[in-house]
Amino acid sequence: MVPMHIGLVGLGRMGANMRDRLRDRGVEVTGYDRDPAVSDVPDLAALVAALPDGGRVVWVMVPSGEPTRAVVAELGGLLAAGDLVVEGGNSHYTDDIAHAAALAERGIRYVDVGVSGGVWGRANGYGLMAGGDAADVDALAPVFDALRPDGPREEGFVHAGPVGAGHFAKMVHNGIEYGLMQAYAEGYELLSASDLVTDVPGVLKAWSRGTVVRSWLLDLLVAAIEADPELGSIDDWVEDSGEGRWTVDEAIDRAVPLPVISAALFARFASRQVDSPAMKAVAALRQQFGGHAVRPAQ
């Protein structure tokens with residue numbers, strides 16, 4: 001049987017590891033990246049030319065937004081009817097719907113895939129959430145099976161629905177991730193503030209088996225704190241990559257209450273303030289109505 005051969009655009013931290021995992025598991029990959037040091041071909045045209053005719057598959061793993069739109073548009077001019085574009089980055093699901101419609105005018109198929117696994121995916125496998133036509137998703141089964149974790153397929157892969165469903169599912173996944181990380185972080189801070197608890201890393205590690213709060217995220221927090229108990233080597237600035245905002249936006253549009261995820265997103269905003277105007281206003285109000293003491297500005 002001839003092995004499946006796909007193109008992969010974007011060989012950053014995720015894409016390069018995905019290329020390696022696919023190759024390790026028998027899927028032939030031709031990769032393209034703007035960095036010639038890691039790219040297999042000089043440009044997108046050469047990538048498309050390297051793929052076998054008759055239903056070529058190109059998987060896109062570049063930053064969401066304009067970079068993805070530009071790559072998809074260029075591929076639309078290079079591919080032919082019957083070919084298939086897979087968008088595996090973190091695009092907003094509405095972009096997927098627009099991409100699919102534009103490519104369909106040329107007879108090019110489209111599948112969106114939410115991919116979770118980070119830098120650990122090469123060894124552990126990736127959680128995959130696909131959106132698209134059932135026949136198109138089925139055609140990608142060898143790729144999905146190579147990328148997903150070992151074990152039952154349904155525990156690492158889902159065909160979530162039509163185009164857009166994969167990235168919608170990944171958006172909600174990342175919103176949940178915001179809330180989980182914030183809860184662990186707040187628990188860590190409270191433990192650290194206690195005079196009674198003398199082994200904070202040990203407490204967190206003791207939760208990693210048997211307790212109801214055990215998780216891979218908890219394991220990663222334990223590893224980080226064991227390496228740097230006071231987390232003194234990093235700043236408290238926390239970025240948000242878009243999915244948290246999109247999740248809250250969707251909740252507002254659909255009148256779905258998301259108090260935990262919303263609070264986790266706003267906590268990230270607070271992390272970027274050297275001085276909080278809101279907290280200054282709260283302190284001023286407390287002084288005004290109750291005569292409470294305030295601290296002078298540093």
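Reply: Seven strands, in the order β2-β1-β3-β4-β5-β6-β7, form an open sheet with mixed pairing. In it, β2 and β7 (157-161) stand at the edges with a single partner strand each, so one side of each has no neighbour in the sheet. This is a predicted model, in which local features need pLDDT of at least 70, side-chain atom pairs count only at pLDDT 80 or more, and totals for chains, interfaces and linings use all residues. Residues are numbered from 1 along each chain as its sequence is written, and side-chain values use heavy atoms, with hydrogens and water left out.

Me: What makes β1 and β2 paired strands?

Reply: Strands are DSSP runs of E with at least two residues, helices runs of H or I with at least four, both numbered from the N terminus, and two strands pair if DSSP finds at least two bridges between them. Strand β1 (residues 5-9) and β2 have 5 bridges in the parallel sense, so they pair. Among the partners, V9 is bridged to Y32 in β2.

Me: Why is β2 described as largely enclosed?

Reply: Buried means under 20% relative accessible area, exposed over 50%, and partly exposed in between (1.4 Å probe, protein chains only). In strand β2 (residues 28-32), 4 of the 5 residues are buried, so the strand is largely enclosed by the rest of the structure.
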